[in-house]
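Biologist: Before I use this model, I want to hear what stands behind each label. Please set every value against its rule.

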Amino acid sequence: MAEDNSYESMLCVKPEVHVYRIPPRASNRGYRAADWKLDEPAWSGRMKITAKGKMAFIKLEDRNTGELFAQAPVEQYPGSVVEAVTDSSRYFVIRIEDGNGRHAFIGLGFTDRGDSFDFNVALQDHFKWVKQEGELAKQEASQSQAPKLDLSFKEGQTIKISIGNIKKKDAGGAKPRPMGGGLLPPPPGAKAGGVLLPPVGQQTVPAAQSNPAPLLDFGSPVPAAQPSSDLWGDFTSAGSNSSKDTAKSGWVQFS
């Protein structure tokens with residue numbers, strides 16, 4: 001991502017901070033806020049932390065007019081520009097510059113511990129972002145220098161795709177579903193418009209055909225049954241013997 005040096009973002013604003021004159025450092029163990037005159041601050045006003053590109057700026061301004069009192073450019077944190085004291089979490093030593101190459105060290109103090117915590121976190125988050133941006137830029141540079149993998153098809157090269165578990169269906173294998181409310185199709189040979197056949201499983205008894213001759217001719221002798229080679233002879237003779245009863249009752253009876 002291209003860095004826009006003209007854009008300045010606001011990281012933190014505190015309406016009241018105090019500036020102290022600090023004595024020279026007595027040893028390498030660090031600064032102590034107890035050595036300052038904490039009840040007599042040299043200046044009090046508003047503090048802002050802004051960011052422009054990778055740089056952060058600690059600005060001390062008048063709380064009413066906004067006039068700049070001092071500014072501390074910060075290139076890295078933690079570093080030599082901002083240093084915490086050894087005996088308190090509310091006081092820091094910062095290095096300010098006047099823009100002409102001259103610099104000085106002053107004491108910066110916060111009335112509330114929450115304000116000093118916000119000051120510390122704002123600087124940490126900014127330079128954490130700067131570090132991540134640098135790592136991403138290195139990765140993009142290394143990827144651009146690496147040879148690109150060519151996955152395009154060469155001339156005449158083909159690819160074969162095998163798809164399994166697909167069953168072919170026969171076009172003529174499907175059977176037509178019967179139409180209507182579950183009625184069976186008519187049997188072969190039935191004529192359209194004829195008498196409906198009874199359902200399967202029920203058999204109708206054919207109506208007996210009346211023979212008017214035996215009923216009217218009462219005096220005609222019944223011929224005696226003759227032995228015949230017909231397989232149905234016994235049934236015929238039985239029907240002949242019962243013809244008298246049939247004539248008396250007037251109804252045909254089936255044995």
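Modeller: Start with the elements: helices (H or I, at least four residues) and strands (E, at least two) are DSSP runs, numbered from the N terminus. Thr50 falls in strand β2. The model is predicted, so local features need pLDDT of at least 70 and side-chain atom pairs count only at pLDDT 80 or more, while totals for chains, interfaces and linings use all residues. Residues are numbered from 1 along each chain as its sequence is written, and side-chain values use heavy atoms, with hydrogens and water left out.

Biologist: What surrounds Thr50, leaving aside its neighbours within four places in sequence?

Modeller: Contact means heavy atoms within 4.5 Å. By that rule Thr50 is in contact with Glu8, Ser9, Met10, Leu11, Met55, Ala56, Phe57 and Lys59. With Glu8 there is also a polar contact, side chain to side chain, at 2.9 Å. The limit for such a pair of N or O atoms is 3.5 Å; within protein, one must be able to donate a hydrogen and the other to accept it, and residues adjacent in sequence count only if both atoms are side-chain atoms.

Biologist: What makes Glu8 and Lys59 a salt bridge?

Modeller: The rule asks for a side-chain nitrogen of Lys or Arg within 4 Å of a carboxyl oxygen of Asp or Glu. Glu8 and Lys59 have 3.0 Å from N to O, and the pair qualifies. Glu8 is in the segment before β1 and Lys59 in strand β3 (residues 55–61), 51 residues apart. Glu8, at a relative accessible area of 37%, is partly exposed, whereas Lys59, at 16%, is buried.

Biologist: How many salt bridges does the rule give?

Modeller: The count is nine. One of them joins Lys14 and Asp115, with the closest N and O atoms 3.2 Å apart. Lys14 is in strand β1 and Asp115 in helix α1 (residues 113–145), so this pair ties together parts that are 101 residues apart in sequence. Lys14 has a relative accessible area of 9% and is therefore buried. Asp118 joins Lys14 and Asp115 in a network of salt bridges.

Biologist: Why is the pair of Phe92 and Phe110 called what it is called?

Modeller: Rings of Phe, Tyr and Trp (its six-membered ring) pair if their centres lie within 6.5 Å; planes under 30 degrees apart are stacked, over 60 edge-to-face and the rest tilted. Seven aromatic pairs come out of this rule. Phe92 and Phe110 have ring centres 6.2 Å apart and planes at 85°, so they are an edge-to-face pair. Phe92 belongs to strand β6 and Phe110 to strand β7, so the pair ties together parts 18 residues apart in sequence. Both residues are buried. Elsewhere, Tyr20, Trp36 and Tyr91 make up one aromatic cluster.

Biologist: How do you know that β6 and β7 pair?

Modeller: Pairing requires that DSSP finds at least two bridges between two strands. Strand β6 (residues 91–97) and β7 run antiparallel with seven bridges, and Phe92 stands opposite Leu108. Strand β1 (residues 9–20) and strand β7 (residues 103–110) are antiparallel with four bridges, and there Val19 stands opposite Leu108. The hairpin of β6 and β7 has five residues between its strands, and Gly99 takes a positive phi near 90°.

Biologist: Which residues touch the most other members of the largest nonpolar core?

Modeller: A nonpolar core is a set of buried Ala, Val, Leu, Ile, Met, Phe, Trp, Tyr and Cys residues joined through side-chain atoms within 4.5 Å. The largest has 25 residues, and Met47, Ile58, Leu60, Val82 and Phe119 touch the most other members. Helix α1 gives the largest share of this core, four residues. Val82, leaving out residues up to four places away in sequence, touches Ile58, Val74, Tyr77, Phe92, Val93, Ile94, Phe119 and Leu123.

Methods. Buried means under 20% relative accessible area, exposed over 50%, partly exposed in between (1.4 Å probe, protein chains only).
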